[in-house]
Amino acid sequence: MSSAKNLTPRQLAAFTAGILAIPIAIGILILTLNWQIGLASLIVIFAGGYWLILVTMERFIYRKIKLIYKLIYQTKATKKEEMYFKYILPQKSIDEVRADVEEWGERRMREIELLRQNEAYRKEFLQNLAHEFKTPIFAIQGYVDTLLGGAMEEEAIRKRFLENTAKNVDRLVNLMNDLDEISRLERGEQLLAKQNFIIQDLIREIYDSLSIKTQAKNIRTLIKKGCEAPITVFADKEKIKQVLINLVENATKYGKHNGHITASIYDTDDQHVLVEISDDGIGIEEEHLPRIFERFYRTDTARSRDKGGTGLGLAICKHIIEAHGQSIHVRSTPDVGTTIGFTVESKRD
């Protein structure tokens, strides 16, 4: 009996008809003492019971199940699906139908949860976007109103306010450029011009280009000992340069005075090279790590905005690396430092 719940409708109908037919046929045999009448009764009752039970199940139970399946798939049935509902579905056991419905329910729950998360991220993104635009726009408006209100006559004030206005205009331009860059990356419009190049040479070039910023905090930039041997990678050099500039600039902003920025390069296998940029700065709390590659996400809003930037640098890095078919990751401990690493394709012959 424990396996009866796994029977198909036809098996269940036969099983139930047999349970009804056997005791009735035995009763008739005892009353008539004629085995032929008993056997005929068994056959007639079994056949009639089987047909009646099967028709009842197919017309009432499996018609409802058919409607459930149509609701699950939410499509008008094609000829192929109608054949499935007519011939295949009735062969399924109740447990199989239940499993299908439970799987659909779980899938729907995951979809709903994902929609809720996306809606929360969308609201947060719009709030952050409005704030990022509002801050420089209000600053520009304040400087212009002050100048128009009479400050134009004071040369020193005029020059300072115009310089501050220009800085905020630059911030808006950078913000628009970064948003445009991300949009193109997301739409796949950024074609990659891949080539072989030595990754250590590119890192040294970036260290040199950002030396004014790093020297201002007396931060030492270096390639980790044992990682100096040239490793050739196959990627879009300009895009990887953009990623490395963002990472080194972030390490400089949040690194401590008299600290270090270290690049590590590992030839992990015949197909991939791992590149990591590490600092010994303020670090990131564990709760923020899963979200630092989101657009405009800041671990400390006030402190991050004071340090400049659009809040899109790491999001751009993520899109560039994923456009290469590779991955990017972060490790961090507060007051110890942060390491952000990504993989690139190894040299191609």
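Analyst: A disulfide is a pair of cysteine sulfur atoms within 2.5 Å; the structure holds zero disulfides. This is a predicted model, in which local features need pLDDT of at least 70 and side-chain atom pairs count only at pLDDT 80 or more, while totals for chains, interfaces and linings use all residues. Residues are numbered from 1 along each chain as its sequence is written, and side-chain values use heavy atoms, with hydrogens and water left out.

User: Is Cys317 buried or exposed?

Analyst: Buried means under 20% relative accessible area, exposed over 50%, and partly exposed in between (1.4 Å probe, protein chains only). Cys317 is buried because its relative accessibility is 0%. Cys227 is likewise buried, with a value of 6%.

User: Where does His324 lie?

Analyst: Helices (H or I, at least four residues) and strands (E, at least two) are DSSP runs, numbered from the N terminus. His324 occupies the loop between helix H10 (313-323) and E6. His324 counts as buried because its relative accessibility is 8%.

User: Which polar atom of Asp236 lies 3.1 Å from the side chain of His324?

Analyst: The backbone nitrogen of Asp236 lies at that distance from a polar atom of the His324 side chain.

User: In which sense do E6 and E7 pair?

Analyst: Two strands pair if DSSP finds at least two bridges between them. E6 and E7 (residues 337-346) are antiparallel, over six bridges. Three residues separate the strands of this hairpin, where Asp335 takes a positive phi near 65 degrees.

Note on methods:
A polar contact is a pair of N or O atoms within 3.5 Å; within protein, one must be able to donate a hydrogen and the other to accept it, and residues adjacent in sequence count only if both atoms are side-chain atoms.
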